[in-house]
Amino acid sequence: MTFTEIVRKENNELFEAIFNHPFVEGIGKGEVPEQALAHYIKADYEYLNAFMHVYGVAISKSTERRDMGYFSEQVGFVLNSETHPHHNFCDVIGAGYDELQGYPLPPTADHYVKHMMYHAQMGGLGEILAALLPCPWTYVEIGNHLMKKYQPTPNHTFYPWIEFYANEDFDTLSMAMCERLDELAEEASEVELRRMKDAFRKSCQLELNFWEMAYTCEEWPTGEAVSSK
Ligand SMILES: Cc1ncc(CN)c(N)n1
């Protein structure tokens, strides 16, 4: 088995818990509370900004042009394409995208972003990719799972969101990350492999917690977030 096949299997329980989370199920059923959608967008806009910062660190640690090219292409994808699923949520709640930007991250999203930054700063390319991969991979699987289970048609409330993540283009992105990570795993030491596995698992755990954070509209104690800007 390849490294990514092994970690997918080891974390299957977390993938299943994500598919069964009420927010994700709600997307499939076309019923998600408006506050949860707004909370998700506020956090995810900033999360994706941080994700691009991590790509930037990955470029600075790349020695091969193919890696630099891949990471810079992905920044373009987040900036120009991953806004579409956000617009779907905004349209459903009748909010302008601009209105939901610039908010401080709730605790779980803050944790997730700092977890990725930690591996980006402390690890090599394999460790960085291991921390990043659950982001596209869980969403590809969510998209395909919802497509199969609910077979939404274009008039479904969340059709644009589901179609975006079930689309082949997004799958290609996550498969490319898997293939590169498998190559790096072949050359990694035992210690590096351990760290890559830990980074991958914690990102899966934080993916699950991110849905819960949005669904419960998680806030900091006493409601006072400290702005990190
Ligand atoms: C938290 C999270 N994880 C994954 C994705 C999909 N790129 C996202 N937009 N947000």
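How far does a polar side-chain atom of Tyr-139 lie from a nitrogen atom of the ligand? The distance is 3.4 Å. This is a predicted model. Over residues 13-216 the chain is 80% helix and 0% strand. The points below cover the domain, the ligand site and several helices.

**Domain**
- UniProt, in an unreviewed entry, places the feature "domain: Thiaminase-2/PQQC" at residues 13-216.
- The end C-alpha atoms of residues 13-216 are 22 Å apart.

**Ligand site**
- Tyr-40, Asp-44, Tyr-47, Leu-48 and Glu-82 are among the residues around the ligand.
- Cys-135, Tyr-139, Tyr-165, Glu-207 and Phe-210 are also among them.
- Asp-44 places a polar side-chain atom 2.6 Å from a nitrogen atom of the ligand.
- Glu-82 has an N or O atom in its side chain that is 2.6 Å from a nitrogen atom of the ligand.

**Helix 8**
- Helix 8 is largely enclosed by the rest of the structure, because eight of its eight residues are buried.
- Those buried residues include Leu-125, Gly-126, Glu-127 and Ile-128.
- Leu-129, Ala-130, Ala-131 and Leu-132 are buried too.
- Their cover includes helix 4 (34-60), helix 5 (65-80) and helix 7 (107-122).
- Helix 9, helix 11 (168-187) and helix 12 (190-215) are also part of that cover.

**Helix 8 against helix 9**
- Helix 8 (residues 125-132) and helix 9 (residues 134-150) pack at an angle of about 35°.
- Their axes are 5 Å apart.
- Helix 8 makes the contact with Ala-130, Ala-131 and Leu-132.
- Helix 9 brings Pro-134, Cys-135 and Pro-136 to the contact.
- By class, the contact has six nonpolar, no polar and no charged residues.
- Cys-135 takes part in this contact and is also one of the residues around the ligand.

**His-115**
- His-115 lies in helix 7.
- Is His-115 buried or exposed? His-115 has a relative accessible area of 7%, under the 20% cut-off, so it is buried.
- Leaving out residues up to four places away in sequence, His-115 touches Ala-131, Ala-199, Lys-202, Ser-203 and Leu-206.
- Of these, Ala-131 is a buried residue of helix 8.

**Helix 6**
- In helix 6 (residues 83-93), the buried residues include Thr-83, Pro-85, His-86 and Asn-88.
- Phe-89, Cys-90 and Ile-93 of helix 6 are buried as well.
- The buried residues of helix 6 pack against helix 3 (22-29), helix 4, helix 5 and helix 10 (159-166).

Methods: Residues are numbered from 1 along each chain as its sequence is written. This is a predicted model: local features need pLDDT of at least 70, side-chain atom pairs count only at pLDDT 80 or more; totals for chains, interfaces and linings use all residues. Side-chain values use heavy atoms; hydrogens and water are left out. Axes are lines fitted to C-alpha atoms, for helices over the stretch in contact, and angles run from 0 to 180 degrees between N-to-C directions. Helices (H or I, at least four residues) and strands (E, at least two) are DSSP runs, numbered from the N terminus. Contact means heavy atoms within 4.5 Å. Ala, Val, Leu, Ile, Met, Phe, Trp, Tyr, Cys and Pro count as nonpolar, Asp, Glu, Lys and Arg as charged, and the others, Gly among them, as polar. UniProt positions are given in the numbering used here, feature names are shortened, and annotations may be inferred rather than shown by experiment. Buried means under 20% relative accessible area, exposed over 50%, partly exposed in between (1.4 Å probe, protein chains only). A residue is near a molecule or strand if one of its heavy atoms lies within 4 Å of it. A polar contact is a pair of N or O atoms within 3.5 Å; within protein, one must be able to donate a hydrogen and the other to accept it, and residues adjacent in sequence count only if both atoms are side-chain atoms.
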